[in-house]
Amino acid sequence: MGKTGIVYDDIYLAHETGFHPENRERLRRTVSHLKATKLWDKLSLLKPRKATVEEVALVHSRNYIKSVERICAQGGGHLDADTVTSPSSYEAALYAVGGILDACDSVIRQQTVNCFCLVRPPGHHALPERAMGFCLFNNVAIAARYLQEKHSIKRVAIIDWDVHHGNGTEEIFYRDGSVFYFSIHRYPFYPGTGAADERGEGEGEGTTLNIPFSGWEGREVVLSKFEQAVLKDVAEFAPDFVLISAGFDAYERDPIGGLGLLIEDYRKMTDIVCALAQKTAKRRVISALEGGYSLEGLPLMVAQHLEGLLSASFE
Ligand SMILES: [Zn+2]
């Protein structure tokens, strides 16, 4: 058994969105590809637990958490224009958070070196007080706070390569110098934030880094700026732990995103992040699925990402 973990449970299929780009088929196809290619057998399967309300409240207000619970208990419905819930969405969202927290425990206890969390709903647009952009709870932001509070990790880097700016994560840590948020994304684009001059404030000044792209730069430019930022700016911050908001919608054929990236580029970006973690964070990397809506491409890109994590776990 390898030292790379994968978090997955069928509960993530119970978040029903109907005819929607963020649907359960994304995970179904990914799992079946990983099993068919036997990559699945090389990974340690982590069965997620359900996060507690206290854990979700590391980032979100209790009123907001209650409101999600109530809407789902009443049968589900829209939380914003494009964020839809079903009766089991609250439960699935708690297991998404719990899965990432389990991955944190596993890496801290050295049962695994790194982990990929194949979860939904995604998280990086979720704000402390509201859902947004298909996201209910900010999985990765909660993990960063959990690492600090439960495991006494001081400095956490969050690397967000989803094609959309993670406005929720940025806002949560904007005035916090202990969490470095780095994002590449299309701009101007949904959700409208992520300009290069958003660099943090107060204690957090300089620990937010946005590299926006118009979409016409070409993949080589995107990859080289990504590498430079990770290995220079994020490395200078010297994180003790690295989290990835792993969206796969910068893929050239993504139906709602696209930044010209190819399937194999996800291996390259994974290797770059693992090189950073090797330098400063005892190789500790946890990544969690955000976007990525090409049903044909997503399983292949996740496989590339996992190959990178596996290779780093054997070094
Ligand atoms: Zn996205």
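Which residues lie on one side of E9 and which on the other, and are they buried or exposed? I found Phe-241, Leu-243 and Ser-245 on one side and Val-242, Ile-244 and Ala-246 on the other, all buried. Buried here takes 20 or more other C-beta atoms within 10 Å of the residue's own; exposed is 12 or fewer, partly exposed is in between, and the C-beta atoms are placed from the backbone. Six of the six residues of E9 are buried, so E9 is largely enclosed by the rest of the structure.

Housekeeping before going on. This is a predicted model, so I note that local features need pLDDT of at least 70 and side-chain atom pairs count only at pLDDT 80 or more, while totals for chains, interfaces and linings use all residues. Residues are numbered from 1 along each chain as its sequence is written. My element labels are DSSP runs numbered from the N terminus: helices (H or I) of at least four residues, strands (E) of at least two.

**The sheet**

I traced eight strands in an open sheet with parallel pairing, ordered E2-E1-E5-E10-E9-E6-E7-E8. The edges are E2 (44–46) and E8, each pairing on one side only. Two strands pair if DSSP finds at least two bridges between them. Neighbouring strands are turned by 15° against each other on average, direction ignored. Axes are lines fitted to C-alpha atoms (for helices, over the stretch in contact), and angles run from 0 to 180 degrees between N-to-C directions.

E9 pairs with E10 over five bridges in the parallel sense, and Leu-243 has Ile-286 as its bridge partner in E10. The chain gets from E9 to E10 through helix H8 (residues 265–280) in a right-handed β-α-β crossover. Right-handed means that, with the strands pointing away from the viewer, the path from the first strand over the helix to the second runs clockwise.

I checked E7 next: eight of its eight residues are buried. Val-179, Tyr-181, Ser-183 and His-185 point one way, with Phe-180, Phe-182, Ile-184 and Arg-186 pointing the other. E7 pairs with E8 over six parallel bridges, one partner couple being Ser-183 and Asn-210.

Where does Gly-194 lie? I found Gly-194 in the loop between E7 (179–186) and E8 (208–213). Gly-194 counts as buried because it has 23 C-beta neighbours inside 10 Å. Beyond four places in sequence, its contacts (C-beta atoms, placed from the backbone, within 7 Å) are His-165, Ser-183, His-185, Tyr-187, Asn-210 and Pro-212. The C-alpha atoms of Gly-194 and Ile-211 are 7.7 Å apart.

**Core**

Last entry. The largest nonpolar core has 99 residues, and Ile-100, Cys-117, Ala-143, Val-242, Val-273 and Ile-286 touch the most other members. Such a core is a set of buried Ala, Val, Leu, Ile, Met, Phe, Trp, Tyr and Cys residues joined through C-beta atoms within 7 Å. H4 gives the most to this core, with 12 residues. I listed what Cys-117 touches beyond four places in sequence; among them are Val-7, Ile-100, Ala-103 and Ile-286.

Notes: Two residues are in contact if their C-beta atoms, placed from the backbone, lie within 7 Å.
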